Amino acid sequence: MTHPAFALGLSILVLCAPHTRAETNAAEEALYRAEALRSLPQGAARRLFSIPAHPAQLPAEAIGAYGRGCVAGAVRLAPEGPGWQVVRVSRAHNYGHPKLVAWIEALAAGVRKDGLPDLLIGDMAQPRGGPMLTGHDSHQLGLEVDIWLAPASADRYLTTQEREEMSPVDVVRSDLLEVTAAFTPAHVALLRRAALTPEVDRIFVNAAIKQAACRDTRDTAGERGWLRKLRPWPGHSEHFHVALKCPNANCAVRNPVPAGDGCGKELAHWFREEVRFPRKAAPPPKILRLNDLPKACRQVLAAP
C-alpha cells in the first residue's frame, strides 16, 4: 500500500512537473504512469492520448502547436537500425511523423559514416502524439526527438533490458557553469551534423553545452552558422532535443530563430545565478483537455 504522504507528493510531481522525467527507468516510469492515471481527470488529454496503441490511419499530418497538438499517420521507428538504438522501448514513445523517422534514419547513417557512436534515441511521440501521460509538455506533433548524450556501445546493440535500465550521462557540472570531461568533440560533431540539416528548426541544449560548442567552433567564415540553431534551455544536460520544421499547413510555425550565432549577450543571460537556480518555482502547467487541442485532434483520437 502506498503511504498517503508519498502518494500526495507523487501526485503533485506528476501533475506539476512532467518534463522532469524524460529519462526515468522502467520501474520509475511505471510508478509515474500509475499515479498519473489515478490522479488525472478523466477528460485530461494526457490520459486520452496515452490509450491508443497504434497510429491513426489517416494521411500524415502534424496538427496544432508543439505544446498543444497531435499527429496523424505517424510511423514507428524500429527499436534499432544502422546507427541508432531506441532506449526505454517499453514506453512506446518511438513514434513520429514520417519526416521525423526519415530524418533520424538519415542522421544515423551520417553518424556511422563519420565514425561517431550510434545514436541513443529517447522520447519521440506517442502513436497519435498529443500530451504525454508522463515525460514532456512538448513532443506532441511527432516532430521532436531526444537524443541522449551517453555513448552507445561500440561493438554491439544493447539488449532491450540494458536500454530500459541504463542511466543517462550528465555532461554539465552541478553549478551549471561549464561542461564536464564527459562532453567531447564527438558531441560537438554530432550537434553540428544535426543542426546543418535543413529540416531542423532548432535544437534545445543546456546553456553550458551551447557555450562549449561556441568555444570549440572556429571563427572562420561559414563555420559558425549552425550554432544559431542551438537554443539554451533549462535541463537538457543529458540529452539534446531536436525539433523539426512544420511540414504542413495545419502545424503552427514557431517564431524564427534569431539571426547570429547566439554566442554573445543572449547566452550570457543563462549563466546568471537567478536563471540557473530560480528561487521561485514556475506555476504548474494547465491540465489540457481534448477541447484545448485543435478540433482535428478529435478525429485523430477517434480514427481506426
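**Notebook: cores, rings and charges**

I began with the largest nonpolar core, which has 49 residues, and Trp-103, Ile-121 and Ile-203 have the most contacts inside it. By nonpolar core I mean a set of buried Ala, Val, Leu, Ile, Met, Phe, Trp, Tyr and Cys residues joined through side-chain atoms within 4.5 Å. Buried stands for under 20% relative accessible area, exposed for over 50%, and partly exposed for in between (1.4 Å probe, protein chains only).

A note on my source: this is a predicted model, where local features need pLDDT of at least 70 and side-chain atom pairs count only at pLDDT 80 or more, while totals for chains, interfaces and linings use all residues. Residues are numbered from 1 along each chain as its sequence is written, and side-chain values use heavy atoms, with hydrogens and water left out.

Helices (H or I, at least four residues) and strands (E, at least two) are DSSP runs, numbered from the N terminus.

I then looked up Trp-103. Leaving out residues up to four places away in sequence, its contacts (heavy atoms within 4.5 Å) include Val-145, Ile-147, Val-200 and Leu-244.

**Entry: the rings**

My search of the whole structure gave 2 aromatic pairs. Rings of Phe, Tyr and Trp (its six-membered ring) pair if their centres lie within 6.5 Å; planes under 30 degrees apart are stacked, over 60 edge-to-face, and the rest tilted. Trp-233 and Trp-270 make a tilted pair, 6.1 Å centre to centre with 55 degrees between the planes. Trp-233 is in the loop between β10 and β11 and Trp-270 in the loop between α8 and α9, so the pair ties together parts 37 residues apart in sequence.

**Entry: the charges**

How many salt bridges are there? I count 14, each a side-chain nitrogen of Lys or Arg within 4 Å of a carboxyl oxygen of Asp or Glu. I picked Arg-224 and Asp-261, whose closest N and O atoms are 3.1 Å apart. Arg-224 is buried at 14% relative accessible area, whereas Asp-261 is partly exposed at 25%. Last, I noted that Glu-29, Arg-91 and Asp-123 are linked in a network of salt bridges.
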